Amino acid sequence: MSITAQLRDSVRLPGGGALVNGFAWESREGGPCRALLRNGNELEVYDLRELFTGEHAPTLVFPLPWPRWDQGVHSVSPDGRFAVFSGQRAVRAVGADGKTLWEYRHGCWGPEVGHPHTGDEQEVCRGLEHGSCRVSDDGRLVWAHVVAEPEPENWQERWVVLDARDGRELAWLPLESAAAGSNHLPHPDGVHMGLCIGMGQDGILLHWARWDGEKLTGWDVNEGLDRILTDVHPGHPGFLTVEHYGADLRLHALDGTVTAEREPEPADGGDEDETYWDYGCGFVDADTVIASTADSDRCPERARHWLLDAHTLRIRGVVTYPTGPVDGDVRPLGDGTWLTYDDRSETLHRWAQAAVGAE
């Protein structure tokens, strides 16, 4: 079945591809949907609603603490008063005026354990490995994935919870990971935080935790070391994942129990082994999931966007765009719409399913 998409908005946004195929996206329950885009030595923050209504200037601009450091996943407080940056050797909070509010030092993400640092104490070292951080939806906590201060022959990564006011460490959990990178995803219940750690060919680790003000409790969903945390929605108590190599999508309860599963549809003219789910997938709304497929060679003409039932993952149909095929990733917004990005024109598009009878 073919399902027609309706174009709702378009805006030219250089660098906006990171919204649909990276971690430049930050959405909060009951708060603004933001794009966090690096531009030179600054982090530009855009309110998506304002962007699509004609306000093309960023709503906030923060100086990057370490201009040579271009890794890490950063976060902005709900009220926009400060940003928190995940650095190579520190997590740093910066105010809207550009002044440092606090800094939490940790071990170096550089790949050579115990290597010396010379010159500036924030000198950027070799390597692309990085952590991530996230300000909680109530603005009171900062969750961060960091490296512990090094000990001989003992590499350890940690998941720490910091007081957003002063960077004071409240609690931490040990992690059995050797990360290439990571990202956080808060659950809309306002209590639980998800952490997805990519380890390259060694797989994916997926953790959940909660801080009750006194105790940090965590658990993992790592039976296969290969599930990527992709999305959550207020209409669902659990979460959505995709297998590391795109073999299937799964809906989970918050404890990890699988409640629905869907393998990709075979490519046109091919067999089932030639098709996989891409990483870009999530909740269009409480009843609908959107996901994309491509064949093993990532041929654009075989890429598809699919709408699925958000409770059973039953496929409803393939999306047809009135402007022609769209072969990139998608970013669902949870409000009935989703984003795509055209690299050639540097244009961000917002889509919705066309009303029945309007197709």
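Modeller: In this predicted model, the charged end of Arg-350 sits over the ring of Phe-52, at 6.0 Å from the ring centre. The charged end of Arg-158 sits over the ring of Trp-172, 3.6 Å from the centre of that ring.

Colleague: How many aromatic pairs does a search of the whole structure find?

Modeller: The search finds 4 aromatic pairs, and one of them is formed by Trp-109 and Trp-155.

Colleague: What parts does the pair tie together?

Modeller: Trp-109 lies in the loop between strands E9 and E10, and Trp-155 in the loop between strands E11 and E12, so the pair ties together parts that are 46 residues apart in sequence.

Colleague: How do you know whether Trp-109 is buried or exposed?

Modeller: Its relative accessibility is 1%, and buried means under 20%, so Trp-109 counts as buried. Trp-155, at 34%, counts as partly exposed, because that value falls between the cut-offs of 20% and 50%.

Colleague: What makes the pair of Tyr-321 and Trp-351 edge-to-face?

Modeller: Their ring centres are 4.7 Å apart and their planes are at 75°, and since the angle required is over 60 degrees, the pair is edge-to-face. Tyr-321, at 7% relative accessibility, counts as buried, and Trp-351 is buried with a relative accessible area of 1%.

Conventions:
Residues are numbered from 1 along each chain as its sequence is written. This is a predicted model: local features need pLDDT of at least 70, side-chain atom pairs count only at pLDDT 80 or more; totals for chains, interfaces and linings use all residues. Side-chain values use heavy atoms; hydrogens and water are left out. Rings of Phe, Tyr and Trp (its six-membered ring) pair if their centres lie within 6.5 Å; planes under 30 degrees apart count as stacked, over 60 as edge-to-face and the rest as tilted. Helices (H or I, at least four residues) and strands (E, at least two) are DSSP runs, numbered from the N terminus. Buried means under 20% relative accessible area, exposed over 50%, partly exposed in between (1.4 Å probe, protein chains only). A charge sits over a ring if NZ of Lys or CZ of Arg is within 6 Å of the ring centre and within 35 degrees of the ring normal.
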